[in-house]
Amino acid sequence: MKFSFFLILAAATTAIATSITPAHTKTVDAATYKAIANGTLSLADLSPVARRNDLQKRDAGNVYMCTAANWQEYCVYITDAGPGECVNLAGDLNNLVSSIGPDPNQECYLYDEFDCNNLGQRLAPVRAPGYADLSQSIWLGGEGSGIVFNDKMSSYQCFY
Ligand SMILES: [Ca+2]
């Protein structure tokens with residue numbers, strides 16, 4: 001009896017983990033990701049998939065992004081960026097991001113140029129839970145029309 005209860009519990013846990021986290025998610029800290037973006041490290045050096053929900057910490061400095069809308073295709077969870085630290089995207093995400101989810105307690109600025117360069121287009125402030133589909137026009141207040149930021153992002157920074 002105890003044994004079968006354990007089996008059912010294990011099966012239920014697995015089902016929950018699978019539904020929350022796509023198998024195609026990579027988790028990497030910002031320092032490592034920046035080394036990939038500037039060519040010091042290669043994407044192949046990334047350790048295999050770590051599940052987003054395995055992480056204890058869900059807070060400022062962490063951003064989840066995927067190359068297709070609704071958190072599909074290929075996703076990377078970049079963690080532990082400092083306040084205002086600019087993160088350039090590497091070839092796996094640059095000009096490909098279609099959904100973005102910052103963790104709570106921060107405001108993220110997305111740039112269509114590298115180095116968080118303000119001369120290009122910017123989408124800000126983006127707060128949790130973020131946007132599941134950047135191909136939809138987003139209006140963040142103020143004058144003018146909405147911004148479509150699909151497949152545009154090259155760098156970002158989050159303030160907290
Ligand atoms: Ca895309």
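First, the ground rules. The model is predicted: local features need pLDDT of at least 70, side-chain atom pairs count only at pLDDT 80 or more, and totals for chains, interfaces and linings use all residues. Residues are numbered from 1 along each chain as its sequence is written.

How confident is the predictor? pLDDT is its confidence in each residue, from 0 to 100. The protein chain has a mean pLDDT of 84, and 77% of its residues reach 70 or more. Over residues 12–20, pLDDT stays under 50. For that stretch the model has three contacts beyond four places in sequence. A contact here means two C-beta atoms, placed from the backbone, within 7 Å.

Now the layout. The protein chain has two helices and eight strands. These are DSSP runs, numbered from the N terminus: helices are H or I with at least four residues, strands are E with at least two. Along the sequence, the pattern is α-β-α-β-β-β-β-β-β-β. Take the contacts between residues at least 6 apart in sequence: 71% of them join residues at least 24 apart.

On to the sheets. Strands of a sheet pair through backbone hydrogen bonds, either parallel or antiparallel. We call two strands paired if DSSP finds at least two bridges between them.

E2 and E5 run antiparallel, joined by four bridges. Look at Tyr64: its bridge partner in E5 is Gly101.

Thr25 and Tyr74 are 49 residues apart in sequence, yet 6.4 Å apart in space, C-alpha to C-alpha.

The other open sheet also has four strands, in the order E4-E8-E6-E7, and its pairing is antiparallel. Now the pairs. E4 and E8 share two bridges, and Val87 stands opposite Tyr156 in E8. E6 and E8 share five bridges, with Glu107 opposite Phe159 in E8. E6 and E7 share three bridges, with Cys108 opposite Val126 in E7.

Next, burial. A residue is buried if 20 or more other C-beta atoms lie within 10 Å of its own, exposed if 12 or fewer, and partly exposed in between, with C-beta atoms placed from the backbone. Buried residues make up 31% of the 160 residues in the protein chain.

Which residues of H2 are buried? They are Ala30, Tyr33, Lys34, Ile36 and Ala37. Seen down the axis of H2, they fall within an arc of 155 degrees, so they line one face of the helix. That arc is taken over the directions from the helix axis to the C-beta atoms. The buried residues of H2 pack against E1, E3 and E4. After H2 comes Gly39, whose phi is positive, near 90 degrees.

That brings us to the core. A nonpolar core is a set of buried Ala, Val, Leu, Ile, Met, Phe, Trp, Tyr and Cys residues joined through C-beta atoms within 7 Å. The largest one has 33 residues, and Tyr33, Val63, Met65, Ile78, Ile100, Leu110 and Tyr156 touch the most other members. H2, E2, E3, E6, E7 and E8 each supply at least two residues of this core. What does Ile78 touch, leaving aside neighbours within four places in sequence? Val28, Ala30, Tyr33, Val63 and Val87.

Last stop: Asp92, in the loop between E4 and E5. Asp92 counts as partly exposed because 15 other C-beta atoms lie within 10 Å. Not counting residues up to four places away in sequence, Asp92 touches Leu43, Tyr74 and Val76. Asp92 and Val76 are 9.0 Å apart in space, C-alpha to C-alpha, and 16 residues apart in sequence.

How values were computed:
pLDDT is the predictor's confidence in each residue, from 0 to 100.
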